[in-house]
Amino acid sequence: TIEKGLSLCTQSGELWLLQGMVSEGLSKKNEAIASYKQAIALDPHNAFYHTAFSTFYFKEGMEREGIQEAKRAISCYNKSSVYNYLKKMGIGEKTLKKIKESF
């Protein structure tokens, strides 16, 4: 369904984000990264896109990249909302502390 939507509307950041999430769920890491990057390219100031991508990186054990995306999300929105979302997505206090210290 998402692929059909993208064939009709390649400029939809929301569809690219969903494609990234589906690819992530199917353990297609490279496809997930490409889809998240495309979503962000279409809407670079969307904090949710950056936060979702950050969460993906943390789950993949790519902490440095996750921190960078979290910082980008914070630059687009407010810190407490980004931290709250990351916590809800299972990012631990230790990692959140590293994000805070990186500023």
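Me: Which residues make up the largest nonpolar core?

Reply: A nonpolar core is a set of buried Ala, Val, Leu, Ile, Met, Phe, Trp, Tyr and Cys residues joined through side-chain atoms within 4.5 Å. Buried means under 20% relative accessible area, exposed over 50%, partly exposed in between (1.4 Å probe, protein chains only). Here the largest has twelve residues: Leu17, Ala32, Ile33, Tyr36, Ala39, Ile40, Tyr49, Ala52, Phe53, Phe56, Tyr57 and Met62. Another core, of eleven residues, lies apart from it and includes Phe58 and Ile99.

Me: What should I know about the model?

Reply: It is predicted: local features need pLDDT of at least 70, side-chain atom pairs pLDDT 80 or more, while totals for chains, interfaces and linings use all residues. Numbering runs from 1 along each chain as its sequence is written, and side-chain values use heavy atoms, without hydrogens or water.

Me: At what angle do α3 and α4 cross?

Reply: Helices are DSSP runs (H or I, at least four residues), numbered from the N terminus. Axes are lines fitted to C-alpha atoms over the stretch in contact, with angles from 0 to 180 degrees between N-to-C directions. The axes of α3 (residues 29–42) and α4 (residues 47–59) come within 9 Å and cross at roughly 160 degrees. That makes the two roughly antiparallel (over 145 degrees).

Me: Where does His45 lie, and is His45 buried or exposed?

Reply: His45 sits in the loop between α3 and α4. His45 counts as exposed because its relative accessibility is 63%. His45 and Cys76 are 31 residues apart in sequence, yet 5.5 Å apart in space, C-alpha to C-alpha.

Methods. Angles under 35 degrees count as roughly parallel, over 145 as roughly antiparallel, 65 to 115 as roughly perpendicular and the rest as oblique.
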